[in-house]
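Hi there,

Here is the structure I promised to pass on. Have a look at it first, and then read my notes below.

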Amino acid sequence: VATGLNVKKWILRDLSFLDWWAHFIGFNIIASICLSLLAILSTRDYPDPHLYSAIAYFVFSLIAIFLNTTAYVLIWREFRSNRFVRYSAISKCIIAGLFVITFLLYIPIGLGIICEWDYDEKTKVYNYRDCLAEHHLRTASQYSSVLLLLLYQLTFVLDFWQDSEYLTFLA
C-alpha cells in the first residue's frame, strides 16, 4: 500500500514531474492575466481586445489543465492503491475531457459557424437575430467551460482530504 509519504518522495525524486507542475503554474498565471484583461476590456468599448482576451484565456487554461491532468495521471500510475490519488486523477480526467468538448464548441467551432451580427452605435447593443442558434451554442458552451474550470479547481479539495494516510503527503 502506497502511503502519502511515498508519493511525496516519488514527486521529489522525479524532477520531470515537477516540470509538469511548473509549466501548469506558468500557464495558469498567463491565463489569469488574460482573464484580468477580459474583465477590464468590455465588449461595448473594446470588442476585439475582449474577444482576443477570451480566446487567450481559454487556450491557456486548456493547456494548463492538460499539463496538470497529465501530472495527476503520472501519480495515479505510480500509486494505484491510494484511493484519494485515484479519485483526484479520475475527476480531473473527466472534467478535463468535458472541458475540451465545450472549448471546441466555443472557440474553433463556434467562431467558425457564427454569422455576422449588427452593432448599433447609438445604443451600443449587438443584434444577434440573424443567427440566434449559433450564438446560443456559443453562449452555452462558454458558460459550460467556465463552470467546468470552476469544478476543476474544486477537485483540488480531494488532494487535501482528511485521511491519515493521505495527510502524510502534506507533511
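Is Thr155 buried or exposed? Thr155 is buried, because its relative accessible area is 5% (buried means under 20%, exposed over 50% and partly exposed in between, with a 1.4 Å probe and protein chains only).

Before you go on, this is a predicted model, where local features need pLDDT of at least 70, side-chain atom pairs count only at pLDDT 80 or more, and totals for chains, interfaces and linings use all residues. Residues are numbered from 1 along each chain as its sequence is written, and side-chain values use heavy atoms, leaving out hydrogens and water.

You will find Thr155 in the loop between helix H6 (132-154) and helix H7 (164-170); helices here are DSSP runs of H or I with at least four residues, numbered from the N terminus. Leaving aside residues up to four places away in sequence, Thr155 touches Ser88, Ser91, Lys92 and Ile95 (contact means heavy atoms within 4.5 Å).

Now for a pair of helices. Tyr57, Phe58, Ser61, Ile65, Asn68 and Thr69 in H3 meet Gln142, Ser145, Val146, Leu149 and Tyr152 in H6. The residues of this contact between H3 and H6 divide into 6 nonpolar, 5 polar and no charged (Ala, Val, Leu, Ile, Met, Phe, Trp, Tyr, Cys and Pro count as nonpolar, Asp, Glu, Lys and Arg as charged, and the others, Gly among them, as polar).

Finally, look at Asp19, which lies in helix H2 (residues 15-40). Asp19 is partly exposed, with a relative accessible area of 45%. Asp19 and Leu67 are 48 residues apart in sequence, and their C-alpha atoms are 9.6 Å apart in space.

Happy exploring!

Key. Helix = DSSP H or I, 4+ residues; strand = E, 2+ residues; numbered from the N terminus.
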